[in-house]
Amino acid sequence: MGLKTKITELLGIEYPIIQGGMAWVAEYHLASAVSEAGGLGIIGAASAPAEVVREQIRKVRERTDRPFGVNVMLMNPNAPEVASVVAEEGVKVVTTGAGNPAKFMELWKNAGITVMPVVASVAMARMMEKAGADAVVAEGTESGGHIGSATTMTLVPQIVDAVNIPVVAAGGIGDGRGVAAAFMLGAEAAQMGTRFIVAKESIVHENYKEKVIKAKDIDSEVTGRSTGHPIRVLRNKMTREYLKMEADGVGLDELEQLTLGSLRKAVMDGDVVNGSLMAGQIAGLVGKEQTCREMIEEIIKQAKELLGR
Ligand code: TUI
């Protein structure tokens with residue numbers, strides 16, 4: 001049985017579980033598996049060319065009739081082309097990350113898209129509500145990848161109080177206890193990334209999955225605090241070199257290159273030494289590879305028991 005909230009109604013999904021739009025990781029195999037299991041699967045457009053995103057959308061459609069979304073990463077120079085492709089392809093749900101999507105709002109609303117910007121502050125949540133967002137994803141600093149500074153525990157209730165649209169909690173959620181806690185903070189759904197990295201349907205290299213499964217509570221590190229683009233990743237040779245270069249005052253461009261190209265190396269080639277192992281602080285709780293359906297059913301069962309529903 002489902003678990004109804006304002007978000008499940010808004011999106012037409014069975015369970016209030018949204019998969020994060022992870023760069024390289026959130027491709028069509030994962031997105032379609034999450035949607036087929038009753039959550040909202042998301043294609044992470046990240047830095048992909050618009051035509052690659054179009055193919056990904058079509059591949060999800062071949063695999064599921066259920067709703068799915070696309071995450072548009074706003075620091076991508078191709079974001080305007082990606083924004084047009086999602087509208088052309090009739091995608092039903094868009095989330096955004098790493099910037100302000102206001103300039104695409106009219107295009108998306110005219111195309112009938114449900115827009116849920118990911119935000120890391122109350123000010124940005126308010127701005128997105130004014131701009132016409134249907135919901136916001138409040139993402140705490142526990143998340144993997146590009147992060148803000150507020151924790152999920154503090155950010156979610158403050159955004160819930162500040163806006164009238166539904167709020168999705170993200171950052172540090174990896175099981176039914178996290179989902180139930182998010183509900184207690186006033187959220188109507190939870191977005192999860194790190195747990196889905198190790199899904200059976202995830203194309204992430206086994207070496208990377210093993211690093212997430214073996215990670216302990218304090219094994220993540222934030223690179224790029226000095227550049228204004230903080231990125232949470234699991235500690236390895238790359239982070240040690242990066243943090244040393246950062247401390248030595250190496251230029252922004254050189255630093256950025258070190259993390260960006262290295263995500264592909266980690267996900268596709270399994271280079272866990274020089275690669276960028278983006279993962280959230282909840283990695284320590286993620287203990288085994290499971291199918292998306294097994295994960296979602298286990299998470300929902302636990303959340304329902306805790307919530308008495
Ligand atoms: O976007 C994410 N997480 C990401 S994106 C990513 S790929 C990447 N590539 C190059 C550089 C940086 C990242 C890996 N992980 N999460 C959603 C998120 N959005 N977290 C924080 C924000 C955010 C930050 C600033 C949203 C809006 C914002 O507004 C600033 C402004 O005023 O434009």
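**Ligand shell**

I sorted the shell around the ligand by class and got 9 nonpolar, 5 polar and 1 charged residues. For this I counted Ala, Val, Leu, Ile, Met, Phe, Trp, Tyr, Cys and Pro as nonpolar, Asp, Glu, Lys and Arg as charged, and the others, Gly among them, as polar.

The model is predicted, with local features needing pLDDT of at least 70 and side-chain atom pairs counting only at pLDDT 80 or more, while totals for chains, interfaces and linings use all residues. Residues are numbered from 1 along each chain as its sequence is written, and side-chain values use heavy atoms, with hydrogens and water left out.

I listed the residues that surround the ligand and found 15, the closest being Met 75, Ala 98, Met 124, Glu 139 and His 146.

**Polar contacts**

I looked for pairs of N or O atoms within 3.5 Å. A ligand nitrogen lies 3.0 Å from a polar backbone atom of Ala 98. For Glu 139, an N or O atom of the side chain is 3.0 Å from a nitrogen atom of the ligand. At His 146, a polar backbone atom is 2.9 Å from a ligand nitrogen. I then noted the cover: the ligand on its own has 710 Å² of accessible area, and the protein covers 76% of that. The areas come from the Shrake-Rupley method with a 1.4 Å probe.

**Helix packing**

I took helices as DSSP runs (H or I, at least four residues), numbered from the N terminus. Axes are lines fitted to C-alpha atoms over the stretch in contact, and angles run from 0 to 180 degrees between N-to-C directions.

Helix 2 (residues 28-36) packs against helix 13 (residues 292-307) at about 45°, with the axes 8 Å apart. That angle makes helix 2 oblique to helix 13, since oblique is what remains after under 35 degrees (roughly parallel), over 145 (roughly antiparallel) and 65 to 115 (roughly perpendicular).

I also checked helix 8 (residues 176-184), whose axis comes within 7 Å of that of helix 13 and crosses at roughly 45°.

Terms used: Near = heavy atom within 4 Å. Polar contact = N/O pair within 3.5 Å; in protein donor to acceptor, adjacent residues only side chain to side chain. Helix = DSSP H or I, 4+ residues; strand = E, 2+ residues; numbered from the N terminus.
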